Each structure stands twice: as structure tokens, then as C-alpha cells.
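Trainee: Please take one part of this structure and go through it closely. I would like the whole chain as background and then the part itself.

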Amino acid sequence: MDDICIFAQNELLRYSEAGYKKFSSSLIPGVENIMGVRLPYLRKIAKEIARCGNWEEFFKNGEEDYMESILLKGLVLSYIKADFDSMLKYIADFVPKINNWAVCDCVCNGLKFVKADKQKAFKFLSTYLKSKSEYRLRFGVVMLLSHFIEPEFIDDVLKILFNLKSEYYYARMAIAWAISICYIKFPGKTLVYLENNDLEDFIHNKSISKIIESYRVSKEDKEKLKLLKRR
């Protein structure tokens, strides 16, 4: 095994905590292979790996026995310096490894390289936004809410979100979350869709609930939104 892979293993072991493992397990039901490493430490390790000359060796051959070791590979993508097309390839290789919401969301938030070519990145996401897989679809949706809810893309984002369907809980929750952020940033445009859509009742109602939970929405608007909930 290459030195960088051994380094990653040792660092994960060094920062693992039994108490935090128990806490993390309670937040990510169904995921058993948790070491209990806090996110700031994972980011610290990822930065160190990204700075070394052979980070790609870790990305290709590093162990994937634990949730944190998989997440670490995704976080490394936040810090490496590679050309845009290479980054898309690394992401395409990584996404199939995602099997829980925590890995998905932490990785999506850090992929700020998409700013270099938003149009190309948006097109790249189309494959995931059509996926029937729970976490591939969630990846596409969380990427939208993390990087594309802005004037240039909001009309396309709303059309996509309000036409998505899924039988899976974590994909549905991501869609509702994204719609709530759309409303907070573009209330007028999003309200038009909330008033007339073909969303599943669960996603429609959960979207409204998430909007109502926001401190950035006025009490008056929250009362109006409550009337749009389906019984």
C-alpha cells in the first residue's frame, strides 16, 4: 500500500472517537461502518492529502471500509488542483460510492470548482438528476441547491425540481430542501410553482414545512404558505 494511503488510515484512526461514533450513528441510520471522526478533522486530513504530490494514489487505492474513508476521498476533491474536465471525471468516479446523506451533502458543498464553468457543470448534473438511484439523485439535487440557485439558473432549476419524482426518502427530502432554498432566495418565482404543481404530496408539503421553518421568511408569508399544504 502506498504511503499516502497508510497516512490516511493512520490519521482516521488517530482522530476517531467512540462517543462521536455513537452520535454520528444516530444521525445516519442504516450505516454501520462509522469510525467517529469529526468533520473539521476530516477536512484537515483532506487538505494534507491534497497538498501532497500523489493524492491521486489515495483517491484510486485508499481504503473504503468506513464511511469516513469514503467521505475523505470526496473531501479531497474540494482541495486538489486539476483541470475542469479531470474534476468532472473524478466526481463521476466518486458519486457511485455515496450511500448516505452525510457523505453526499458534505462533498457537494465543497465542490466550488464548478464556478469555473457553470454551464458545463450544470449540463454534467443532468445525468444525476434523471437517476432512479436514491443518492445519485440526491447528489444532483444538492449540487443544484449548493451552487445553482442564482439568477442565471433559477428558472431552469425550478423546472427541474418541480418535475422530479422519487420513491426514496433521502432523495425526496433533498428535493424539498432545494425548493425551500429557491423560495428563500427567489420567493416570487418559486411561489408560482408552489401554487400549481404535480409534485408528490410528501415533497410538496415538506417543501412548505421547510420554508416555514426559516427565519428568513416573514410571518405573513408563512401563514399564506400554510394554506397551500395538501391534506
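Mentor: Start with charge: the chain carries 37 positive and 31 negative side chains, and the centres of the two sets lie 5 Å apart. Lys and Arg count as positive, Asp and Glu as negative, while His and the chain ends are not counted; a charge is placed at NZ of Lys, CZ of Arg, CG of Asp or CD of Glu. This is a predicted model, in which local features need pLDDT of at least 70 and side-chain atom pairs count only at pLDDT 80 or more, whereas totals for chains, interfaces and linings use all residues. Residues are numbered from 1 along each chain as its sequence is written, and side-chain values use heavy atoms, with hydrogens and water left out.

The chain has 14 helices and zero strands, helices (H or I, at least four residues) and strands (E, at least two) being DSSP runs numbered from the N terminus. Buried residues, those under 20% relative accessible area with a 1.4 Å probe and protein chains only, make up 50% of the 231 residues.

Now the part itself, Ser-69, which sits in helix H5 (residues 67–76). Ser-69 counts as buried because its relative accessibility is 1%. Its side chain reaches the backbone oxygen of Glu-63 at 3.5 Å and the backbone nitrogen of Asp-65 at 3.5 Å. Beyond its neighbours within four places in sequence, Ser-69 is in contact (heavy atoms within 4.5 Å) with Leu-12, Phe-58, Glu-63 and Glu-64.

Methods. Polar contact = N/O pair within 3.5 Å; in protein donor to acceptor, adjacent residues only side chain to side chain.
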